Amino acid sequence: MAATDLLDRAGTLHAAFRADVIAGLSARPRAIPARWFYDHRGSELFEAITRLPEYYPTRVETALLAEHAGAVGRIAGPGRAVIEFGSGSSAKTPHLLSAIAPAAYVPIDISGDFLRQSADALAADFPGLPVIPVEADFMARVALPRDVRHLPKLGFFPGSTIGNMGPAHGVDLLRAMAGTLGEGAMLLIGMDRVKSPAILIPAYDDAEGVTAAFNLNLLHRINRELDGDIPIAAFRHRAIWNDEAARIEMHLEAMADISFIVAGQRFAMAAGETIHTENSHKYDPRGARLLLAAGGWTPMREWTDPDGLFALILAEARPPETAP
């Protein structure tokens, strides 16, 4: 990608970050989209979270991929371009690539430096496989590289990242993915299951405080990139199970009355007030299938662990059914 294109994209992302932060801090209740967690440091911290003993999703999903990637490969067939949305470190991807004989691999992520490092590492492990990283916000339809547009496609969306969106936004994302990949494409998606808060809360509020550092890093990013002076020590991380909405919520709670400036605008928060930074919705089997169907995907196969903690679902983009 040309240097001017990288600069233009960086400028666009910076403007979007600023707009979301200002709007989120001005709103009541205050909320900032979770996608802005993932600067380089945020991506590093999230990878550390995935290795924590309390954080079961990565461990369980990786085991499911290791066990069932062969079945995915038999259903999908060889020669597909694997398009990974929100690829991060691509740590789970080798299980899939080793099983399906892909024609190309296209990781898409908003964190450009982290994306390119991960893509280089994976390319070294799969010599001969075209690895074409795309720095983009996959929440909207993404223009794929010309080299893969003609190929059949398998989308890959692990990590239960779909849970970070409410159902309406999740449907919008799934429709955007269908638009990116095209009719007849397949999607392998990870979804976290509803379970006891005794398992869920520690997964998002670990004993080592890594998740707290991940959440607070958003404030560091705001200060660094938006000329902020947020007193970060005045905030604490909170993880809450919202049973009615079937989701874990992450918040940054002010521990005292504070005021601060971001991008030239002053904000004030009272003690106990929070900035809502992330949701992680959990789905039972029927809810997962309904969400996929609403987003333009027809479930084909589903795999889960013996304890029913997590599910991998393979779906196909098909035209919408005609109403009776």
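Modeller: A salt bridge is a side-chain nitrogen of Lys or Arg within 4 Å of a carboxyl oxygen of Asp or Glu. Side chains of opposite charge can pair when their charged atoms come close. The model is predicted, so local features need pLDDT of at least 70 and side-chain atom pairs count only at pLDDT 80 or more, while totals for chains, interfaces and linings use all residues. Residues are numbered from 1 along each chain as its sequence is written, and side-chain values use heavy atoms, with hydrogens and water left out.

The structure holds 17 salt bridges. One of them joins Asp 192 and Lys 195, at 2.7 Å from N to O. Asp 192 and Lys 195 are both buried, where buried means under 20% relative accessible area, exposed means over 50%, and partly exposed lies in between (1.4 Å probe, protein chains only).

Another salt bridge links Glu 316 to Arg 318, with 2.9 Å from N to O. Here Glu 316 is buried at 18% relative accessible area, whereas Arg 318 is partly exposed at 40%.

Arg 35 and Asp 137 also form a salt bridge, and their closest N and O atoms are 2.1 Å apart. Arg 35 sits in the loop between strand E1 (30-31) and helix H2 (40-49), and Asp 137 in the loop between E4 and E5, so the pair ties together parts that are 102 residues apart in sequence. These labels count DSSP runs from the N terminus: helices (H or I) have at least four residues and strands (E) at least two. Arg 35 is partly exposed, with a relative accessible area of 28%, and Asp 137 is partly exposed at 24%.

Finally, a network of salt bridges links Asp 39, Arg 221, Arg 224 and Glu 225.
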